[in-house]
Amino acid sequence: MATFAERMNRMAPSGIRKVNEKALAMERAGETVIHFEIGRPDFDTPEYIKKAAIEALQNGDVFYTSNFGKMELRQAIAEKLKRENGLNYKPEEILVTAGLSEAVFAVLATILEEGDELLVPDPVWINYRNVPRFLNAVPVSYELKEENGYQLDVEEIRAKVTDKTRAIVIVTPNNPTGGVLARETLQKLADLVIEKDLLVISDEVYERLIYDGEQHVSIASLPGMKERTFTMNGMSKAYSMTGWRLGYVAAPEDYIAVLNKFHQHNTTCAVSFGQTAAIAALNEEGDEVKEMVKEYQRRRDYAVQAINAIDGLSCLTPKGAFYIFINCKALGLSSADLSDYLLENAKIALVPGSVFGPGGEGYLRMSFANNYDNIVEGCARLKDAAEALKKEACR
Ligand SMILES: Cc1ncc(COP(=O)(O)O)c(C=O)c1O
C-alpha cells in the first residue's frame with residue numbers, strides 16, 4: 001500500500017490547476033471553454049529569443065553549465081538590474097534557477113528553520129503559503145485589501161512581527177490582485193525591516209507588465225536593503241517564456257553560495273541553450289515586450305469597464321501583471337461555488353480567490369492573458385451568468 005511522507009500533507013494541490021483540469025475535461029467532452037484561469041502569457045516567445053536558442057542547440061550548447069548559471073548570463077542579469085532597477089549586483093551575486101519557482105524553494109529552504117514565521121501577503125500566489133508549510137515553517141498572513149488599493153499596511157505588519165519572524169515576502173506587481181506597491185509604502189516597510197532585522201523576499205516576476213506609467217520599485221534599491229533582500233525575477237512573464245523554466249535570484253554572495261547547494265541537489269543547473277537564449281533576451285531586446293504590454297493594457301481596459309458594468313460584480317483597475325481581481329461578494333455564492341457555476345454554465349474558467357488565501361474569498365481571479373476576442377466573449381458570458389444568478393436569487 002502506498003504511504004507518503006507526512007510533509008506532503010502540508011502542501012495543498014494547486015487550486016488553479018484544479019480549475020484548469022476541469023476545463024480541459026469539459027473540452028475533451030466537446031465543450032468550448034474560455035480560459036481565464038492560467039497565469040501564462042498567450043504570446044509566442046519573441047522570434048529573436050527562439051532563434052538564439054536554435055542556434056545554441058545547433059552549436060552543441062547541450063551540456064551542464066556552471067551550477068550558478070553561465071557567467072555571461074549572470075553578467076547580462078547584473079546589467080539589467082543596474083539599467084532597469086538601479087541595483088548594483090555583481091554577477092557573483094546572481095544564481096540562475098529553473099524558473100522563479102525553484103528560486104522560491106531554494107531561498108525558503110535556505111533561510112527558514114522549523115517553526116520560523118514568514119510574513120506573506122494575503123492573497124498571494126500559492127507557493128508562498130505551501131512551501132513554508134512543507135518546510136515546517138509558519139506562513140503568517142498580512143492583508144492586501146481592495147479598499148487600500150491592495151497596498152500593504154506597515155502597522156499591521158509591525159503588529160505581526162514576533163521573535164520567530166525571519167522574513168517577509170512581497171510580490172509587486174501582485175498575483176492575484178494586480179496591485180503595485182508604491183515607493184512610499186516600500187520605504188516604510190524597509191524602515192520596519194531594518195528595525196526588526198528581517199530579510200525580504202521580493203518577487204518581481206511581473207515587473208515589466210505595468211500600466212498607466214506606474215513605476216516598479218525594487219526594494220533592494222532603497223538604502224540599507226540590498227544586504228537583506230532576495231531580489232527574485234525570471235524570464236517567464238516578461239518574455240513569454242513560461243515553458244523555458246528560467247529564473248534568477250540576486251542576493252549577497254554568501255547567500256548565493258548556500259542557495260547554490262540547494263540548487264545543485266535539486267536541478268543542477270538551468271537549461272543550457274535556454275540560458276544562451278536568455279542572454280539574447282536581455283541584451284538584444286527591441287520593442288517586443290513593449291508591444292505585448294500595450295496589448296495587455298488594451299485587453300485590461302476593455303475587461304475592467306465590462307466587469308464594472310455588470311450588476312453584482314466590480315473590480316479595481318490592476319496596475320500591473322495580467323490579472324483582474326473581481327469582487328463577486330454581491331452574488332452571494334462562495335468564490336469556489338461561483339467558479340464552478342461559471343465553468344459549468346457559462347463555460348468560462350476563473351480561479352476562486354480563496355485559492356490565494358482567506359483574504360481572497362469573495363473574489364475571482366481573471367487572467368487577461370487571452371486574446372481580445374475571447375475577452376469580449378468571456379465578459380459577455382460573465383454578464384449573462386451574473387444576471388441569471390441574480391434572477392435565481394430573487395425567485
Ligand atoms: C508571483 C509569482 N511568482 C513566481 C511565479 C513562477 O514563475 P516561474 O515561471 O519563473 O517559475 C509565478 C507564476 O505564476 C507568480 O505568479
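Which residues have the most contacts inside the largest nonpolar core?

**View 1. Two domains of a predicted model.** The structure is a predicted model, in which local features need pLDDT of at least 70 and side-chain atom pairs count only at pLDDT 80 or more, while totals for chains, interfaces and linings use all residues. Residues are numbered from 1 along each chain as its sequence is written. The protein is divided into domain 1 (6-44 + 288-394) and domain 2 (47-283), with bounds that come from an automatic or database domain assignment. The C-alpha centres of domain 1 and domain 2 lie 26 Å apart.

**View 2. The side of domain 1 that touches domain 2.** Domain 1 gives 35 residues to the contact and domain 2 gives 33 residues, two residues being in contact if their C-beta atoms, placed from the backbone, lie within 7 Å. On the side of domain 1, helix H10 (288-308) and strand E10 (323-327) are the elements that give two or more residues, and H10 provides the largest share, 6 residues. Helices (H or I, at least four residues) and strands (E, at least two) are DSSP runs, numbered from the N terminus.

**View 3. The largest nonpolar core.** This core has 125 residues, and Val249, Ile324 and Ile326 have the most contacts inside it. A nonpolar core is a set of buried Ala, Val, Leu, Ile, Met, Phe, Trp, Tyr and Cys residues joined through C-beta atoms within 7 Å, where buried means that 20 or more other C-beta atoms lie within 10 Å of the residue's own. Helix H4 (residues 99-111) contributes the largest share of this core, 7 residues.

Note on methods
Buried ≥ 20, exposed ≤ 12 C-beta atoms within 10 Å, placed from the backbone.
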